[in-house]
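Here are a few notes to keep beside you while you look around this one. Take them in order and turn the view as you go.

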Amino acid sequence: MTPFHQTGYRTCCLEGKKRSGRRKKKENMNTVVLVTGANSGIGLVLCERLLSQDLEGLQLCLACRSMRRAQAARSALLASHPAAQVALLQVDTSSISSVIAAAREVKLRYNRLDYLYLNAGIMPNPQFDVKAFFKGLFSSRIVSMFATGEGILTQKDGVTPDGLQDVFATNLFGHFLLIRELEPVLCHAGRTSRLIWTSSSNAHRSAFDLDDVQHRRGARPYSSSKYASDLLSLALNTRYNKQGLFSSVTCPGFVMTNLTYGILPSFPAVLWTLLMPVFWLIRMFTNTFTLTPYNGAEALLWLFKQKPESLDPQAKYHSFTSGLGNNYTLPRKMDIDVETSDALFEKLLRLERDVREKLKERAEESQYPCRT
Ligand SMILES: NC(=O)C1=CN([C@@H]2O[C@H](COP(=O)(O)OP(=O)(O)OC[C@H]3O[C@@H](n4cnc5c(N)ncnc54)[C@H](OP(=O)(O)O)[C@@H]3O)[C@@H](O)[C@H]2O)C=CC1
Ligand SMILES: CC(C)CCC[C@@H](C)[C@H]1CC[C@H]2C3=C(CC[C@]12C)[C@@]1(C)CCC(=O)[C@@H](C)[C@@H]1CC3
């Protein structure tokens, strides 16, 4: 038994026909999978679950901002899968130069990338509105409040050294730039590559504004960044499907991870654990309370096994856990449209041009420091 495993739960996947072991192995020869934010929570357990599939030639690349934490994750994975091929990559998705350097490294190491999991994410300085929470408990919004966190959470965002809003840069723009930089290894004639986003049911149209895509003005940068990732996924499909690149969006449900522990910082981890029976009870009414990273990773793993052409680009694929602890994946139509997704894509392209120019200027300045 490894730390990733969870006892007492039966996992049932809505998988198509079962393939024979031998065919499965041949098809997956040298499948390269890169996961951002792979050193903890859903990203780490996804890696473990991928390794447990026993796919021959699977090459995992853990893309993390801290090499120390990445090493610890690699050691944990190798402890349960000693023969696995697990590489590390340093990337801070909130930093333009880090993303560009990481992409350069990927292109040197691999000539093809089959799966790119865009999973790294933050929800900094969350503010939990206790009053709204108790009001919600006695209203008809109760189920949707527990499923989405809508109406009870806001955040205080910061600004990165590149001058971008932190949540936007980390959750969305860094990943956008990574995809753009990795085009040569993602778009290959005769083969498909996959982008799989860890979005959220907290994504909401009302938090997003095309005139403020970085969410400088509001107090829901997390919701805005996740809604933007839903839109971006659709735009990527519009533009890249012909080149064999397919994008999908997932929601892991409510999962106990470092991200959620940060929501009530005064709550020690042990209190969260004590609340587990309450959460299991709530799960009887909402299957979105997946609670463990193992359950939360269900949709991310399910998508790995699907043919991309069979997926709906306007659907979000949700991990669900039933009251009895069974995991399954189901699609839910997203509240997005092609026009807004295209408009966002254009804005991101413009921002990409700007940041690249700034980066060039900075490089020139450091080369010729005396020039004015
Ligand atoms: N937990 C939940 O209930 C839900 C989570 N999600 C999403 O799931 C994803 C994974 O989060 P989760 O597992 O819950 O939380 P964790 O905090 O455990 O994982 C987040 C991961 O992202 C990494 N990360 C954060 N910032 C950066 C950065 N600038 N550059 C590179 N990596 C970074 C973290 O690295 P480090 O350890 O160094 O901080 C960590 O590995 C996120 O996108 C989150 O929004 C969506 C819906 C629900
Ligand atoms: C202390 C109380 C007895 C219980 C407090 C519960 C809340 C802290 C949670 C109830 C629903 C949760 C939730 C999220 C965070 C924690 C809650 C608000 C998310 C917003 C976390 C991030 C996501 O992406 C969403 C999918 C989650 C939705 C549910």
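1. The UniProt record, an unreviewed entry, annotates residues 259-282 as "transmembrane region". Bear in mind throughout that this is a predicted model.

2. Next, look at ligand 1. There are 30 residues around it, and G37, G41, A120, G121 and T257 come nearest. Two elements, α2 (41-52) and α10 (258-261), each give two or more residues to this shell. Sorted by class, the shell around ligand 1 holds 17 polar, 10 nonpolar and three charged residues.

3. Ligand 2 has its own shell, made of 14 residues. Those that come nearest are G149, S200, S201, N202 and F254. What classes of residue make up the shell around ligand 2? Eight are nonpolar and six are polar, with no charged residues.

4. S319 and F254 are 65 residues apart along the chain, yet their C-alpha atoms are separated by 9.4 Å. Is S319 buried or exposed? It counts as buried because 26 other C-beta atoms lie within 10 Å, and 20 or more is the cut-off. Leaving out residues up to four places away in sequence, S319 touches T250, C251, P252 and G253, along with T290, N295, G296, E298, A299, N327 and T329.

5. Now find A235, which lies in helix α9 (residues 221-240). With 22 other C-beta atoms within 10 Å, A235 is buried too. Not counting residues up to four places away in sequence, A235 touches S341, D342, L344 and F345. As for L186, it is 49 residues from A235 along the chain, and the two C-alpha atoms are separated by 16 Å.

6. Last, a pair of helices. The axes of α7 (residues 166-181) and α14 (residues 338-367) come within 11 Å and cross at roughly 80 degrees, so α7 is roughly perpendicular to α14. On the α7 side the contact is made by F173, F176, L177 and R180, and on the α14 side by L348, L351 and E352. By class, the residues of this contact are five nonpolar and two charged, with no polar ones.

Definitions and conventions:
Residues are numbered from 1 along each chain as its sequence is written. Chains are lettered from A and ligands numbered from 1 in the order in which they are written. This is a predicted model: local features need pLDDT of at least 70, side-chain atom pairs count only at pLDDT 80 or more; totals for chains, interfaces and linings use all residues. A residue is near a molecule or strand if its C-beta atom, placed from the backbone, lies within 6 Å of it. Helices (H or I, at least four residues) and strands (E, at least two) are DSSP runs, numbered from the N terminus. Ala, Val, Leu, Ile, Met, Phe, Trp, Tyr, Cys and Pro count as nonpolar, Asp, Glu, Lys and Arg as charged, and the others, Gly among them, as polar. A residue is buried if 20 or more other C-beta atoms lie within 10 Å of its own, exposed if 12 or fewer, and partly exposed in between; C-beta atoms are placed from the backbone. Two residues are in contact if their C-beta atoms, placed from the backbone, lie within 7 Å. Axes are lines fitted to C-alpha atoms, for helices over the stretch in contact, and angles run from 0 to 180 degrees between N-to-C directions. Angles under 35 degrees count as roughly parallel, over 145 as roughly antiparallel, 65 to 115 as roughly perpendicular and the rest as oblique. UniProt positions are given in the numbering used here, feature names are shortened, and annotations may be inferred rather than shown by experiment.
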